[in-house]
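Hi,

Here is the structure I said I would pass on.

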Amino acid sequence: MADAAAAKNMFAFFDENNDGGISLEELKESMSGVGVKFSEEEVTSFFNRFDTDSNGVLDFNEFVALSMALSSTKMSSTENAMAQLFASIDKDGNRSLSHAEIREGIANFTGQDANDDEITALIKKLDIDGDGEISYEEFSTNILTKIAVAIKNQ
């Protein structure tokens with residue numbers, strides 16, 4: 001039951017206009033709202049893989065399928081890519097990402113700079129323990145991180 005509640009909360013986070021579906025635009029805005037930037041083609045291709053009825057909206061079941069795919073063992077390459085990405089960003093090797101490391105990491109990962117406000121917003125969304133940095137656990141369990149890596153590696 002807790003998983004169902006968490007899925008509904010996460011769905012509501014992405015469904016900004018509360019219409020019961022996640023549009024491509026809402027997915028892009030949610031990702032960019034935390035400093036993750038991809039090309040139109042990358043996000044569209046990823047979105048279309050999970051929009052199984054091709055109506056331009058991810059309904060709750062499609063979103064759950066997306067979430068499950070990102071967490072399943074068949075996505076282990078995504079998990080491996082996330083570990084590699086984290087290691088490449090964690091310049092001092094302390095298993096925690098500082099503001100500066102995240103900023104540089106986003107620039108390297110997406111090819112685009114992120115401003116301080118975007119980095120601060122990202123840290124607020126991912127920093128579960130409130131220490132001002134992102135641990136590997138916080139990084140690797142967040143669905144936005146999983147989506148970003150999946151889009152990049154599709």
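To follow the notes, you need to know how the pieces are named: helices (H or I, at least four residues) and strands (E, at least two) are DSSP runs, numbered from the N terminus. With that rule, the order along the sequence is α-β-α-α-β-α-α-β-α-α-β-α-α. That makes nine helices and four strands in the chain.

Two bits of housekeeping. This is a predicted model, so local features need pLDDT of at least 70 and side-chain atom pairs count only at pLDDT 80 or more, while totals for chains, interfaces and linings use all residues. Residues are numbered from 1 along each chain as its sequence is written, and side-chain values use heavy atoms, with hydrogens and water left out.

**The whole chain**

I call a residue buried under 20% relative accessible area, exposed over 50%, and partly exposed in between (1.4 Å probe, protein chains only). The chain has 154 residues, and 44% of them count as buried. Its accessible surface comes to about 8,100 Å², with 52% of that belonging to carbon and sulfur atoms; these areas come from the Shrake-Rupley method with a 1.4 Å probe, and for residues only the protein chains shown count as cover. As for contacts (heavy atoms within 4.5 Å), take those with a separation of 6 or more: 56% of them are between residues 24 or more positions apart.

**Aromatic rings**

Rings of Phe, Tyr and Trp (its six-membered ring) pair if their centres lie within 6.5 Å; planes under 30 degrees apart count as stacked, over 60 as edge-to-face and the rest as tilted. Searching the whole structure turns up six aromatic pairs. One of them is Phe 11 with Phe 60, an edge-to-face pair at 5.5 Å centre to centre and 85° between the planes. Phe 11 sits in helix α1 (residues 2-14) and Phe 60 in helix α4 (residues 60-71), so this pair ties together parts that are 49 residues apart in sequence.

**Salt bridges**

Here a salt bridge is a side-chain nitrogen of Lys or Arg within 4 Å of a carboxyl oxygen of Asp or Glu. How many does that rule give? The count is four salt bridges.

- Asp 116 and Arg 103 meet at 2.6 Å, N to O. Asp 116 is in helix α7 (residues 116-126) and Arg 103 in helix α6, so the pair ties together parts that are 13 residues apart in sequence. Asp 116 is partly exposed at 41%, and Arg 103 is partly exposed at 33%.
- Glu 25 bridges to Lys 28, with the closest N and O atoms 3.3 Å apart. They are three residues apart in helix α2 (residues 24-32), which puts about one helical turn between them. Glu 25 is partly exposed at 43%, but Lys 28 is buried at 18%.
- Glu 137 and Arg 95 meet at 3.6 Å, N to O. This pair links distant parts of the chain, 42 residues apart: Glu 137 is in helix α8 (residues 136-141) and Arg 95 in the loop between α5 and β3. Glu 137 is partly exposed at 48%.

**Helix α6**

Helix α6 (residues 99-110) has twelve residues and reaches 17 Å from its first C-alpha to its last. That is close to the expected 16 Å, where the expected span is 1.5 Å times one less than the number of residues. Which residues of α6 are buried? They are Glu 101, Ile 102, Gly 105, Ile 106, Phe 109 and Thr 110. The face turned away from them carries the exposed residues Ala 100 and Asn 108. After α6 comes Gly 111, with a positive phi near 80°.

**Positive phi elsewhere**

Most residues other than glycine have a negative phi. Asn 18 has a positive phi near 55°, and sits in the loop between α1 and β1 (22-23). Asn 18 is exposed at 62%. Arg 95 also has a positive phi, of about 60°, and is partly exposed at 46%.

Enjoy exploring!
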